[in-house]
Amino acid sequence: MTNINEFPKKYDPKSFEDRLYKTWESEWCFLPKPSKTGQNFYIPMPPPNVTSKLHVWHSVMLTLEDIMTRYHRMKWDSTLLLPGTDHAGISTQVKVEEKLAKEGKSKHNISREEFLWECFEWTKKYGWEIQSQFRKMGTSCDWSKEKFTMDPDMNEKVNKAFVDLYNKWLIYKWEYMVNYDPVLDTVVSDQEVIYKEEKWKLYHITYFVSWSDNEIIVATTRPETLLWDVAVAVHPKDKRYKKLLKAGKKLILPIVNKEIPLIADEMVDMEFWTGAVKITPAHDPNDFEVAKRHDLPLNRVVLGKDWKMTEVSGIFAGQDFMTARANIVELLKSKWNLVKIEEHTSKVGYGERSHAKIETIISKQWFVKIEPIAKKVIAGYKKKDFEIVPKRFNKTFEDWIYNLRDWCISRQLIWWHQIPVWYWPDGEMFCAENEKLAYETAKAHYWKDIELTRDKDALDTWFSSALWPFAVLDYNMDDISNQNDLVKQFYPASVLETGHDIIFFWVIRMLLFWYEFTDQTPFKTIYLHWLVKDKIGRKMSKSLGNWVDPVDMIEKYGTDALRLTLSIWNTPWNDLKFDEENVENNMFFINKLWNASRFVASNLSSIETDIDSLEETLIKNYDSLMFHEKWILSRVRYLSDLVTDSMESFDFSDAGQELQTFTKNEFCDYYIEEFKLTKETSKYGDKVITYVLNILLKLLHPYIPFVTEEIYYRLWFSWKLIDASWWKVSVSRDENLEKDNALVFDVIREIRAIRADNNILPSKTIGLKIYAKQKNKEILGEVLELVAWIVKADSFEMVDKKPAWDNFAFWVIKAWVEVYVDTSNALDVDKEIERIKLQIDDTKEYIAILDKKLLNETFISKAPEKLVRAEMEKKEQALDKLRKLEEKVSKLK
């Protein structure tokens, strides 16, 4: 028998979670072991920012990846969850710049090497925090293979990838319209721009037709850019302008007084005011594309990066854009070109990180040519080289992959991978994997030693992240046919798990790169998890005050309770509404499992350790088992099959819910009570409960690894659960027996509901009579003593005819069974009637308040329909409650 003193009475996760993780890690439990199935399982963990703190997004990711990893490890697949961290380019650089500013320095007055050194020191100082918090989540990753995106070997792979694409003419440098963030002083991608609706002025400006009395009214929110308009565009089908277009008329650019063409382009919205728009290619991406199509000048920049007018702006040069706007508007008024000014709502772009207003500018940047690479990914997608789970995100994937534009990969930052291109003063470029090769190439080109200057720009962080799943395995990019054992075993990855919000940022770019480099998918399954919002469905943010710190949750409730909350939710594949109450409830559930396990430890003379032999014994002696023992074994077989199938199909929520339901309702609340009652008479009761608990702990382990490992140790004196086999239950399932016992469950549930509804104390007993026909009578008669034990009935019997209802306070008719409950010894009827009458009075008062509101014509006519409907539903619910309370009083009387 397990010494009960060694099995603490109280479930206290703080007493063992850190200890267990250290044991797992020190005993190398997370390293891949030789496969006993011939299968390998590999997940490259999405690298979090090295300086970030654990947040709910990380917690979901870690929980789901660890569930998969622990399951496959217990299947005895060779399993690898490979961790790493991202250099957090912008956030780290911003923090380092703030530190330098306090020291009276800036990135402009120290060398690049000194700034990089400062960044590395910063990540060394703060980078440990995220790893320690990942450990706190129980993440069973192989820390010995941890990677950092700025490691020297990772930098080499980034350079090799750039050179490879450059040599294939898939990377080029060109002037293009890009988003510029003035605070970060760098180009940012379209996906890093957040648009907000703001109130602006809409200026209606007259453009006179040259050599004509006609005019065209153009509406714009940015009159200051008209100084370098290159055209006015209208839709080719717009009948208002067909004659002018046919005649090839030109327009007079206001203030500047020069001719510009009137052009036809389908980009124009005919319904937007007059259907005529000014074209300023250097300051609007749509205008830029129109100008390219019509072979118009592209690079006439009137507004600089500093939001001041450039020198080409004439008398407005040097003015900030708002001052210039006001001055230009006054000048337009004086020249009778301004028709009117109206209020207008338009979308304005802001930097996702800096919150600065984004300016679109023409700038020479580095780009990846996407179309030829995307074709390879599309071909692989059509061949089903990889699957997307859940399938509904196939549409999102298709929307992106079929509409990709060339990818701007250059950024004006320091703490990123520097672009591996060197320049000779005459403009000649040399792309090479390192400086030595660049100089050798230049020398071979010029036949002499020359001085080169490296491109100052850095690569977009997603460029290095796109290499992640294979670069972390030390993939040989020089000779793809000559790979190390780790690559041969694990590449491509089994699963890429990440949030559905970065399907473009990361997932598609990994596919692009590795179809290009290897002609195969980098992963077999793309598992896209849900987002976590607050309990009323809002996005979590510190400004809203609804931010949840997972570490706080762990301190209050334990890691397992948090993991369970994040992996089980009511609407699978939809975003999770996080409620701390659910974490607390899951802690109560785990406490129930703990107490049940403690009960087993204290009530068995010995705990059998050979589960194979135990299962064989139970199968061999199946006919000698009691009804409830056969039933629980059948249910365990069902549960094992369901959880295994769900794990294979990535349906973790349903599997987790089934595990919880079985543990609480079937094992703890029902089977253990049966065990108590039949302990002395059952020949195999000890073996059955030992077997069931062992299987249950294994099935629960991927979800709640700490408590299951601790219980396993307490019962079997072994740290082996993390490496135990995922059990395939061999006991046959008996669905007819399960159906029979479901009837017993229903009867118990109904009687418990009567006790709860009437506030009958657990210490009070009731009387019970059950009337049933044919088979139901046999089923219930066999377990009547057990039912009475569970519902605390001191008198009970099966009856051959229906008792008189008047002799019983409560009854229920369900599934051809009639249950009669006598509460005369358990209930003070007068007091109960008095209590219910108070509830009736409160309910009537509440209905009166609702009636007053619903009879108010002003409320009905002015309130939103949704609100009125909600109030009507409240009244219906209150009336239903009143009816039930009055029925209850009637029964009691």
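I started with Lys384, which is exposed at a relative accessible area of 70%. For my notes, exposed is over 50% relative accessible area, buried is under 20% and partly exposed is in between, with a 1.4 Å probe and protein chains only. Lys384 sits in the loop between helix H10 (371–382) and S15. I also checked its backbone: phi of Lys384 is near 65 degrees, a positive value in a residue other than glycine.

Before going on, I noted that this is a predicted model, where local features need pLDDT of at least 70, side-chain atom pairs count only at pLDDT 80 or more, and totals for chains, interfaces and linings use all residues. Numbering runs from 1 along each chain as its sequence is written, and side-chain values use heavy atoms, with hydrogens and water left out.

**Another positive phi**

I looked up Trp169 next, and its phi is near 65 degrees, positive in a residue other than glycine. Trp169 belongs to the loop between helix H6 (152–167) and strand S5 (171–181). Its relative accessibility is 69%, so Trp169 counts as exposed.

**Cis peptides**

I found a cis bond joining Val389 and Pro390, with omega about 0 degrees. Pro390 is in the loop between strand S15 (387–389) and helix H11 (393–401). I found another cis bond from Tyr491 to Pro492, omega near 0 degrees. Pro492 is in the loop between helix H15 (485–490) and strand S22 (493–499).

**Two loop residues**

Where does Ser210 lie? I traced Ser210 to the loop between strand S7 (193–209) and strand S8 (215–220). Ser210 counts as buried because its relative accessibility is 7%. Setting aside neighbours within four places in sequence, I see Ser210 in contact with Lys249, Lys250, Leu251, Ile252 and Glu259; contact means heavy atoms within 4.5 Å.

Ala804 is in the loop between strand S27 (793–799) and strand S28 (810–814). With a relative accessible area of 43%, Ala804 is partly exposed.

**Largest pocket**

I get about 2200 Å³ of space in the largest pocket. Of its 47 lining residues, Asn49, His55, Glu352, Arg353 and Trp547 are closest to the centre. A pocket here is an open set of points on a 1 Å grid over the protein atoms alone, where a 1.4 Å probe fits and protein lies on both sides within 12 Å along at least five of seven lines; lining residues have an atom within 4 Å of a point.

Elements that each supply at least two lining residues include helix H2 (56–74), helix H3 (89–102), helix H4 (112–126) and strand S24 (532–534). Which element gives the largest share of the lining? I find that H3 does, with five residues.

**Whole chain**

I count 29 helices and 29 strands in the protein chain. These are DSSP runs numbered from the N terminus: helices are H or I, at least four residues, and strands are E, at least two. The C-alpha atoms fill a box of roughly 110 × 80 × 55 Å along the principal axes. Buried residues make up 53% of the 893 residues. Among contacts between residues at least 6 apart in sequence, 78% join residues at least 24 apart.

Methods
Grid points are joined across faces, edges and corners, and a volume is the space filled by probe spheres set on the points.
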